[in-house]
Amino acid sequence: MSQWLQLGLMDAYSPVMEEFLYFHDFTNMILLFILLFVGVMMTSMATNTFLYKGLLEGQMLECVWTMIPAIILIQIALPSLSLLYLMEDSPSPDMSVKVVGHQWFWSYEYSDFWVNNNVLGFDSYMIPEQDLEPGMLRQLETDNRVVVPFMTKMRMLISSSDVLHSWTIPSLGVKADAIPGRINQINFIGLMPGVLYGQCSEICGSQHSSMPIALELISLKDFNMWLNWMEN
């Protein structure tokens, strides 16, 4: 999760988020170069008392300063388009979880697992501030975390039962709107164990800020133990 006065993005917990970080750093490097170049040119023009007549009607110069920005834009567009396709990639999932937004909580169903002839599912509410224990995060901790194994291809099927919501976890680089009557799909692979937090990113009413998301990535062995605990 983000920290106080943090300038960079969150740590990456998925391949898509890693690509986001690389693209972010690459684009900032180009922007820094442009700012330095323009700053040097403006300073030189402001302090120099001489005028170079080749700048007034230079056809070659005009071609150069038209081509260079075009090349820079292409250098930014190519990895950007590649990242967009990577975000929409839908490999065959190992596990699917259905997410339904409500005012103002989330419901989760593990459609691949059954408990007492019913699909494994639960509701997830924000823990009120007065019930928080030491170490818990205010307005981010929930009574039931979403538990999934890392290094597993996950598919989240997201919808809503009332108004627009948005299921977002920045550290995974995933965000999808929860729309009544429609199902949106996102895919991710967790790279390491940890607890990731997110929040509803679509204004959905007076308690919009009370819809946190807490997702825990654990090993496959621990996930099987969690399933046995849920069954009992």
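The backbone oxygen of Cys 200 lies 3.4 Å from a polar atom in the side chain of His 208, a polar contact (a pair of N or O atoms within 3.5 Å; within protein, one must be able to donate a hydrogen and the other to accept it, and residues adjacent in sequence count only if both atoms are side-chain atoms). This is a predicted model, in which local features need pLDDT of at least 70 and side-chain atom pairs count only at pLDDT 80 or more, while totals for chains, interfaces and linings use all residues. Residues are numbered from 1 along each chain as its sequence is written, and side-chain values use heavy atoms, with hydrogens and water left out.

His 208 sits in the loop between β9 (194-199) and β10 (212-218); helices (H or I, at least four residues) and strands (E, at least two) are DSSP runs, numbered from the N terminus. Apart from neighbours within four places in sequence, His 208 is in contact with Trp 104, Cys 200, Ser 201, Glu 202 and Ile 203, where contact means heavy atoms within 4.5 Å.

Cys 200 has 5% relative accessibility and so counts as buried, the term for under 20% relative accessible area, with exposed meaning over 50% and partly exposed in between (1.4 Å probe, protein chains only). Cys 204, at 5% relative accessibility, also counts as buried.

The aromatic rings come next. The whole structure holds 9 aromatic pairs; rings of Phe, Tyr and Trp (its six-membered ring) pair if their centres lie within 6.5 Å, and planes under 30 degrees apart count as stacked, over 60 as edge-to-face and the rest as tilted. The rings of Phe 105 and Tyr 125 are stacked because their centres are 4.5 Å apart and their planes are at 25 degrees. Phe 105 belongs to strand β2 (residues 105-115) and Tyr 125 to the loop between β3 (118-124) and β4 (146-149), so the pair ties together parts that are 20 residues apart in sequence. Phe 105 is buried at 15% relative accessible area, whereas Tyr 125 is partly exposed at 36%.

Tyr 110 and Phe 122 form a tilted pair, 6.0 Å centre to centre with 35 degrees between the planes. This pair links strand β2 with strand β3, across 12 residues. Tyr 110 is buried at 0% relative accessible area, and Phe 122 is buried at 11%. Ring pairs also join Tyr 108, Tyr 110, Phe 113, Phe 122, Phe 223 and Trp 226 into a cluster.

The largest nonpolar core has 35 residues, and Tyr 110 is one of those with the most contacts inside it. Such a core is a set of buried Ala, Val, Leu, Ile, Met, Phe, Trp, Tyr and Cys residues joined through side-chain atoms within 4.5 Å.

Ser 160 lies in strand β5 (residues 153-160) and is buried at 8% relative accessibility. Its C-alpha atom is 4.6 Å from that of Pro 180, 20 residues apart along the chain. A polar atom of the Ser 160 side chain lies 3.5 Å from the backbone oxygen of Gly 101, and one lies 3.2 Å from the backbone nitrogen of Asp 162.
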